Amino acid sequence: MEKAAKNRKILILYLVITICLTWLLQFMPMIMGLDIENTSISSFDPASLFFGVGGVMPTLTAFIFVFVFYTKDGIKDFLKRCFVPNKECIAAILISLGLICAEVFVTQMISKGLGAEKLGFEGVKLIAKNPLYFFYFLFWGIISGPFSEEFGWRGFLTDRLFQKSKLLQASLCIGFIWGIWHLPLYFYPAQIQHDWFMINPLLGLLFIVSCMSAALVYTTIYVIAKRKVFPIFFLHMFKNIILTGAMIYPFSDTYSKVVVFVEIVLDLLFYVVFTRTAFYRTALEQTSEFDYLK
């Protein structure tokens, strides 16, 4: 009981610090009256500096908490789970890529049926002309979410909440927190959350639901990879640069509206179907629960 209470206090402290620091930093450009019209992770204006630093708080706070509250074995385990892949990671990455490509395909088919234009695939075309662009997209794809967030959301938070009997509840809780953590993005014109909210506030709020459905997929991949965070970097990257990113850009306004609905439905379908397979159940049985708190 004592350890459970300590774990709960650490989790609450982690979330309060992470969310408060992110919101403080990412709202600061607006408070200071800076130009935020084109602010993004890949820009270099003053507002983007606050935006970028605020975005790394889940990871930065997680590293601090791990080194402060974990045993030496716990620190080693955390670093190994994040940076050292196992053989299961290959399957996890391929499954992730397949799901994201399916979501792109379904979204575009529905969009096309509604009269939308074809996807531009400008990123793919650039890579075809110059393969070095692959590393450019890989760098920004990893930086713009996976490295800045996943050490925290999955590497620390999911692991602290990991109980085989309560994975559904933990995933939905993490997804909701993950969704509201993105609140400042609704105020930045260059972010898709802003576009959705301007189109319809309910569409904007659906982003939080999409984070909750996505969290179910992330936890499933986490189990398949035996607690490894490594393949989740790729899943997050695939969502960022393929589903709504540079690889398929430009996409129509219709695609932008449809994609959030498709993502929610297919993520839920994936979770319901995949977690009932023998492959997943075997992986879950072989995944151990650890507690490395001092």
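Leaving aside neighbours within four places in sequence, which residues is Tyr255 in contact with? They are Val104, Thr107, Gln108, Ser111, Leu119, Leu243 and Ile248, where contact means heavy atoms within 4.5 Å.

1. Basis. This is a predicted model, in which local features need pLDDT of at least 70 and side-chain atom pairs count only at pLDDT 80 or more, while totals for chains, interfaces and linings use all residues. Residues are numbered from 1 along each chain as its sequence is written, and side-chain values use heavy atoms, with hydrogens and water left out.

2. Overall fold. The chain has 13 helices and 0 strands; helices (H or I, at least four residues) and strands (E, at least two) are DSSP runs, numbered from the N terminus. The radius of gyration is 19 Å, close to the 19 Å that the globule rule gives for 294 residues, so the chain is as compact as a globular protein of that length. That radius is taken over C-alpha atoms, and the rule is 2.2 Å times the number of residues to the power 0.38. Along its principal axes the C-alpha trace spans about 55 × 50 × 40 Å.

3. Of the 294 residues, 51% count as buried, meaning under 20% relative accessible area, with exposed over 50% and partly exposed in between (1.4 Å probe, protein chains only). The accessible surface comes to about 14200 Å², and 71% of it belongs to carbon and sulfur atoms. These areas come from the Shrake-Rupley method with a 1.4 Å probe; for residues, only the protein chains shown count as cover. Among contacts with a separation of 6 or more, 81% are between residues 24 or more positions apart.

4. Nonpolar cores. The largest nonpolar core holds 71 residues, and those with the most contacts inside it are Tyr14, Trp153, Phe156 and Tyr255. Helix H10 (residues 201-224) supplies the largest share of this core, 12 residues. Apart from it lies another core, of 5 residues, including Ile36, Phe51, Leu185 and Tyr188. A nonpolar core is a set of buried Ala, Val, Leu, Ile, Met, Phe, Trp, Tyr and Cys residues joined through side-chain atoms within 4.5 Å.

5. Ser111. One of the contacts of Tyr255 is Ser111, which is found in helix H5 (residues 87-113). Ser111 is buried, with a relative accessible area of 0%. Beyond four places in sequence, Ser111 is in contact with Ala116, Thr254, Tyr255 and Val258.

6. Helix H9. Ile192 lies in helix H9 (residues 192-199), where Ile192, Gln193, His194 and Trp196 are buried. The cover over the buried residues of H9 includes H10 and helix H12 (253-274). With neighbours within four places in sequence left aside, Ile192 is in contact with Thr244 and Ser256.

7. Surface patch. Leu49, Val53, Val56, Leu60, Ile64 and Val68 form a nonpolar patch on the surface, together having about 490 Å² of accessible area. Helix H2 (46-55) and helix H3 (57-69) are the elements that give two or more residues to this patch, and H3 gives the most, with 3 residues. Leu60, in helix H3, is partly exposed, with a relative accessible area of 43%. Patches are made of residues with over 30% relative accessible area and no salt bridge; like charges are joined within 9 Å, nonpolar side chains (Val, Leu, Ile, Met, Phe, Trp, Tyr) within 5 Å.

8. Salt bridges. The structure holds 11 salt bridges, each a side-chain nitrogen of Lys or Arg within 4 Å of a carboxyl oxygen of Asp or Glu. Arg154 pairs with Glu150, the closest N and O atoms being 2.7 Å apart. Both Arg154 and Glu150 lie in helix H7 (residues 133-161), 4 residues apart, about one turn of the helix, and both are buried.

9. Links between distant parts. Asp159 forms a salt bridge with Arg227, with the closest N and O atoms 3.0 Å apart. This pair links distant parts of the chain: Asp159 is in helix H7 and Arg227 in the loop between H10 and helix H11 (230-243), 68 residues apart. Lys239 and Asp267 meet in a salt bridge (3.4 Å, N to O). Lys239 lies in helix H11 and Asp267 in helix H12, so the pair ties together parts that are 28 residues apart in sequence. Both Lys239 and Asp267 are buried. Salt bridges that share partners join Asp77, Arg81, Asp159 and Arg227 into one network.
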